Amino acid sequence: MGLFFYNSKTGVGTADLFLDGKLREKWPKNGFRSFGKGWTAASSTQDNLLLYNQTKGNARLASIVRLGTLNVFPAKTTMKGFSSGWTVIRQVAHDAMIFYNKDTGGAAIGRLANGVFETINPAMQLKHGWSHIEVLPGSLLFYDSEQGLA
């Protein structure tokens, strides 16, 4: 499994492999890269990392490359057309992601394939207040950290 580290104030990020319960701490040569400032969420699919700005409603794709180490290469162009306000973004299938707004309970499912995003199931209404969505075998776990409810 890989972990992505990002500082939204500086826009700098890097990645590392997490194996056998610990980080390898073998940072790729020149592994710290600029991804742009202000991204509020990051979620991965098989080959991409989606960086999202909750206020602006835009996103950027980064490419994930695994060649002994984990490298994440930032994209230069910003993708527009996303709704603003998504507070949780999580991969739920090989190429599908759920976008959820904990304040309104609004949700949508989209697919990210070959660098293109398309909405699959727009405008679902779920309970508001979920702070985390975790993928379990065959289901999703919704958790509210303020209320301690799942």
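User: Hi! Which residues make the nonpolar surface patch of about 220 Å²?
Analyst: That patch is made by Leu3, Phe5 and Phe18. A patch takes residues with over 30% relative accessible area and no salt bridge, and nonpolar side chains (Val, Leu, Ile, Met, Phe, Trp, Tyr) are joined within 5 Å. A salt bridge is a side-chain nitrogen of Lys or Arg within 4 Å of a carboxyl oxygen of Asp or Glu. Accessible areas come from the Shrake-Rupley method with a 1.4 Å probe, and for residues only the protein chains shown count as cover. This is a predicted model: local features need pLDDT of at least 70, side-chain atom pairs count only at pLDDT 80 or more, and totals for chains, interfaces and linings use all residues. Residues are numbered from 1 along each chain as its sequence is written, and side-chain values use heavy atoms, leaving out hydrogens and water.

User: Where is Leu3 found?
Analyst: Leu3 is in strand β1, residues 2-6; strands (E, at least two residues) are DSSP runs numbered from the N terminus.

User: And Ser43, buried or exposed?
Analyst: Ser43 is buried, with a relative accessible area of 5%; buried means under 20%, with a 1.4 Å probe and protein chains only. Ser43 lies in strand β5, residues 41-44.

User: What does Ser43 contact beyond its neighbours within four places in sequence?
Analyst: Its contacts (heavy atoms within 4.5 Å) include Asn48, Leu50, Ile89 and Met97.

User: New topic: how many residues are in the largest nonpolar core?
Analyst: There are 12, among them Leu50, Ile89 and Met97. Such a core is a set of buried Ala, Val, Leu, Ile, Met, Phe, Trp, Tyr and Cys residues joined through side-chain atoms within 4.5 Å.

Definitions and conventions. Patches are made of residues with over 30% relative accessible area and no salt bridge: like charges are joined within 9 Å, nonpolar side chains (Val, Leu, Ile, Met, Phe, Trp, Tyr) within 5 Å. Helices (H or I, at least four residues) and strands (E, at least two) are DSSP runs, numbered from the N terminus. Buried means under 20% relative accessible area, exposed over 50%, partly exposed in between (1.4 Å probe, protein chains only).
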